[in-house]
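Have the sequence and the structure open side by side as you read.

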Amino acid sequence: KLEKNIVNEVPAAGDAKKKKSLPKLESHKSDSLLTEEVKLELQNPKCDDDAQAEDTQLESHRPPDESTWCGRFYQQKLPRLQKPLTPRVTIIVLTVVGCLFLLLGGLVIWGSNHAQYQMVHYDGNSDFYENEGFTVTRQDCSLPAERNQTTRTCNLTMTLEQDMNSPVYVHYGLTNFFQNYQSYQADRYYRQLDGTTADPDSAYCQYYVEEGGDKYLPCGLMANSMFNDTFKLMNSDLEMNEDQIAWEVDRTFRFRNPSGYPEICDDDYLCLYELYPGVVSREKGVKDEHFMVWMRTAALDTFMNKYGRIEQDLKKGDTLTFEVTARFVVEPFNGGKALIVTTNSWIGGKNSFMGLAMVIVGTIILVTALIMFIKEIICPRKLGTQDAIRVKAEEKNKKEETRRARKVQAVEQLDEEADEKGVEESKKEDEGQRGSELPLANAEEKDTQKESQASLGAGVASPPQQ
Amino acid sequence: EGGGENSALGKISEAPSTEYEADSTLLETIFPCLKKEQEVRLDKKDLDALLLKEDFFELAAKCKSVIACRCTPLQKAWIVEEMKKRTGAVCLAIGDGGNDEPMIKKANVGVGIVGEEGSAAAQAADYAFGQFRYLHTLLFVHGAWSYERISIMVLYIFYKTAIAATTLFFFGFFSGFSGQQLFNIWIYTFYNAVFTALPIIVVAVLDQGLDADTLENIPKAYRSIISRGQLFGTRIFFRWIMNAVVHTAIVFFTAFWCLDTNGISFPNGQVHGLWMTSSTIFAICIVMVSFRLTFEMRSITWIHHFFFWGSLAVFILISIGLNVLPTFNPDLFAVIFAMWRNPQAWLTAILAGSLPLLLDLAIRGVQIELFPSYMDLLRERCLMREQYQKGEETFRFAPRHTRAQEKKHKEGVQVIKAKLGEAEGRKDSQSTTKKSSVDALVNTLLRWRDLTGAVLDATEEAADALVMDSGEGKTA
């Protein structure tokens, strides 16, 4: 249009010059060139590759339409959430989790302090739970090897240091007894315990299968190593209940005596009451709750198992007297035995580790979040760019490197010039030209010196160009 | 063809066709080209002589591009094979005709063009598409995506398996190294096959590190993805395995010390037995490993959500199943429900399971802040583009002066846009009066001043902002 205007106006000579200097701002299309063919092509461009491809493409070759879900899936254009990790997210997550841990840690510590433990060691030398804040006394009811005793009865006394509210639980504790050993864990036959069959199966039990023609009714190592110490509460006004200490599932469903019990025990089966006289009664057999508790194995070599329950409130200063009949020998494997009286809180028993761990972890997390927050306030990093601290550090490093490089370069230049000087001098000696040559040579040297100095100066003075 | 008198091309076409002379002239004429990084063109008569020479391939490997035309199919295949052998590089061959078939078969990656010359090349190829220019997309978009997906997959699968195995190893310390497995055999079988399998497959199929637009338009992104040691390498693999060991140690020891040191963990005095501890730690492992995967998910679709939460739901269902069947798996009978009712188990799970994740989160946050990789910066640029389009601020925690600066910067951008708008307006205005030529002239000059003034005034950032602002990343 511009050209049209200028052309139609019949410009003067001055304007013509201006016209030449004008850059061409618009395309060359003038009306005369817009023929019908050209117009058609503009409307239906054939130079567009995609359009051309679509025309010649078979139906089967065409990619699925992107408006359908199928098409979007095949073209990998499903709607996505694609956000990078911003510091805001990190700080918020860390703060929330840190506060949560502090809160939970506080609750756990409160619950843990609420639970009271009192313990009497009566065999062995271990420091069973001594460091956990329990009250531990040592009384001796051991079965040492020299004496060759199988049973021993003693009285254990326990003076309560705090009020204990009902229910007060009585546990026994063992140390250094690895119930989590592989051959120990494998050695039980669930069918016998279930009551489905009475016969042992050597595929399941490796030890304690048969002896002298009699088959072990609960076969296996696990069943035949039961803890057979018994405790009796001697306080006349208190009563220890030994029922409902096992899991309900065990009591109702999982441990049953097989059919024909207890008559089959007389013939060719060795039943529990024969293996543990005084502990398991003939009527109960496998359903003895202490046995069930024993069969729920522990994870570590130091563990406590439930023994009984006192459903009365106890006061501080009360003295509990237990009569213990010790039969379980622990000295050969350096184990220890203990009697423990506890009350529990919402979290169970004392757990000094968890509360402390939560509080410490929560604190560390909050400190990290705080540090990141402070950094974001003082020196935030604009998204998509390098951090300012890092950029400065890198620039500093680069400056030092360039300085060092230039120094090296300068030294090299001087070396080169020294070499050249040496060469020149040797040349002069060869040619034997003195006098007129010398001032020239000196001038040359001066020039080169000046040049080198200038280049050095330039090199040092010029700013590092990145 | 197309070269000047002194160019190497002219000399080659004048060279005689005897083998010896071809060699010497080639050496004379190629070396200057190499110094100037020009291109070398060889014709068939040179090819026959030269393709058998070792030096040729050394020279060719040093050139930026080598054009060998009028080759027979066998010669093409020979070139590809020799380049593979001598440089050890991964070779891609692309062709559209039947004569390209041997070459395509020989190469590591064969690409066939379906089109005018038929589909003979496409039949023999690994990849086939319709236009040569789609090679750009194949390499830069799909190649980058595939590399990233495969590296994530390999690293993560080793990581999750190592976690399970290392837990069993650590338990050995407490069980006298007797070989007792901490995890119940049935639920452990499902670990790799069912509980942790599907989410990583979904990620390995659908993940997009950078979106297609960015990868197509910024070739440097491709470089930053596939260069050795960026996303996958010996060091990175070793780091992931160490990660697995450290995470397992954290999970295992925290869980054990929380659950089993003091015995009683139920309010009714019940003790945490072996199988309850085992189930707790197993559940912690699965949840932690699944959430660790979310750190590696660069983009999340609904399919990811479905399989991720679905796997956890399947884990719960199978746990319930094992809990309920008494004879199938007597160890876990009634254990899992008891575990769910135990407050200590939940607290342990929260503590032990989230510790490794928080550690990773903190490390990743610090790494992005202080040592962002090129890909991280690109992803942030995409986020910035969205924010610009919505008018949000880039960072909200910033102090007032930084925010004021950014506001000023945005106003400056608006001013520049207004100037450009004025310039557009002036361009559109038409005047048909007698003085119109002068007006038009003045208009044009003003428009030029506006445009050049605008461009000169603007800083690089403003120009960037304008580019990003204009829509889909296409240069304005």
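## A helix in chain B

A quick definition to start: the expected span of a helix is 1.5 Å times one less than its number of residues. Keep in mind that this is a predicted model. Now look at helix H5 of chain B, residues 73-87. H5(B) has 15 residues and reaches 21 Å from its first C-alpha to its last, close to the 21 Å expected.

Several of the side chains to look for here are tucked away: B:Gln75, B:Lys76, B:Ala77, B:Val80, B:Glu82 and B:Met83 of H5(B) are buried.

## A three-stranded sheet in chain A

Over in chain A, three strands line up as E5-E6-E9 in an open sheet with mixed pairing. Strands E5 (210-211) and E9 (269-270) of chain A sit at the edges with a single partner strand each, so one side of each has no neighbour in the sheet.

E5(A) and strand E6 of chain A (residues 214-216) run antiparallel and are joined by two bridges. In this pair, A:Glu210 stands opposite A:Lys215 of E6(A).

## Around A:Val120

Is A:Val120 buried or exposed? Its relative accessibility is 1%, so A:Val120 counts as buried. You'll find A:Val120 in strand E1 of chain A, residues 116-123.

Leaving aside neighbours within four places in sequence, A:Val120 is in contact with A:Thr137, A:Gln139, A:Leu156, A:Thr157, A:Met158, A:Lys337, A:Ala338 and A:Leu339. A:Ala410, on the other hand, is 290 residues from A:Val120 in sequence and 84 Å from it in space, C-alpha to C-alpha.

Conventions. Residues are numbered from 1 along each chain as its sequence is written. Chains are lettered from A and ligands numbered from 1 in the order in which they are written. This is a predicted model: local features need pLDDT of at least 70, side-chain atom pairs count only at pLDDT 80 or more; totals for chains, interfaces and linings use all residues. Side-chain values use heavy atoms; hydrogens and water are left out. Helices (H or I, at least four residues) and strands (E, at least two) are DSSP runs, numbered from the N terminus. Buried means under 20% relative accessible area, exposed over 50%, partly exposed in between (1.4 Å probe, protein chains only). Two strands pair if DSSP finds at least two bridges between them. Contact means heavy atoms within 4.5 Å.
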